[in-house]
Amino acid sequence: IAPLGQFGRRIRAFYDFTSGAPVATRPTDPYGHGTHVAGLIGGNDGAYMGVAPLVSLIGLRVLDDTGAGRTSDVIAALDFAVANRARFNLRVINLSLGHPILAPAADDPLVQAVEAAVRAGLVVVSAGNIGLNPVTGQVGYGGITSPGNAPSALSVGASNTAQTLTRTDDTVAPFSSRGPSWYDGFAKPDVVAPAQARSPDTSM
């Protein structure tokens with residue numbers, strides 16, 4: 001998370017996991033996606049308000065300057081968050097990242113780390129941005145990424161509100177991943193929320 005004015009002094013701690021071990025450091029975000037998501041959650045600058053503008057933030061950096069990273073670093077950050085949830089009064093972990101589903105959920109180490117965090121009462125996971133077939137450009141299914149396929153995690157997709165107040169014309173945004181999940185056939189995402197533009201992909 002970049003230490004922007006909209007966050008005030010609410011970035012309570014920041015740890016970098018990209019070297020394979022947690023290193024306490026100053027907040028930083030050379031790629032920008034974490035700051036984008038943190039702004040949606042907790043931005044507060046008088047013009048653009050996040051959904052929780054008074055929330056305290058803990059940054060756990062797991063992706064490099066290009067938005068890529070190692071699954072093992074994400075698992076290490078999840079384990080760290082669970083172990084330190086009382087110390088930092090953690091209530092939610094937001095994971096706006098993912099990789100293709102390569103195994104059933106029961107055999108996926110990242111999914112299992114998410115499941116452990118859910119048991120501790122913490123996780124929200126993005127569904128992914130793979131809603132369109134890369135060859136045809138048409139809306140497709142089965143695009144949920146890991147760990148969005150975690151059975152117990154709240155996996156969130158994006159909706160298009162058509163810029164109206166009524167929900168009768170809302171649809172799933174074209175870029176947003178849809179289930180069912182590979183291997184297991186889980187019905188995901190669990191919920192969708194308004195989004196009008198696609199944010200950058202993040203991958204591991």
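The model is predicted, so local features need pLDDT of at least 70 and side-chain atom pairs pLDDT 80 or more, while totals for chains, interfaces and linings use all residues. Residues are numbered from 1 along each chain as its sequence is written, and side-chain values use heavy atoms, with hydrogens and water left out.

Let's start with charges. Taking a salt bridge as a side-chain nitrogen of Lys or Arg within 4 Å of a carboxyl oxygen of Asp or Glu, the count comes to 4. One of them joins Arg 61 to Asp 16, with the closest N and O atoms 3.3 Å apart. Arg 61 lies in strand E3 and Asp 16 in strand E1, so this pair ties together parts that are 45 residues apart in sequence. Strands here are DSSP runs of E, at least two residues, and helices are runs of H or I, at least four, numbered from the N terminus.

Arg 61 also meets Asp 65, at 2.8 Å from N to O, and Asp 16, Arg 61 and Asp 65 are linked in a network.

How about exposure? Buried means under 20% relative accessible area, exposed over 50%, and partly exposed in between, with a 1.4 Å probe and protein chains only. Arg 61 is buried at 15%, Asp 16 is buried at 13%, and Asp 65 is partly exposed at 48%.

Now the helices: H2 (residues 71–83) and H4 (residues 109–119) pack at about 10°, their axes 10 Å apart. Axes are lines fitted to C-alpha atoms over the stretch in contact, and angles run from 0 to 180 degrees between N-to-C directions. Thanks, all!
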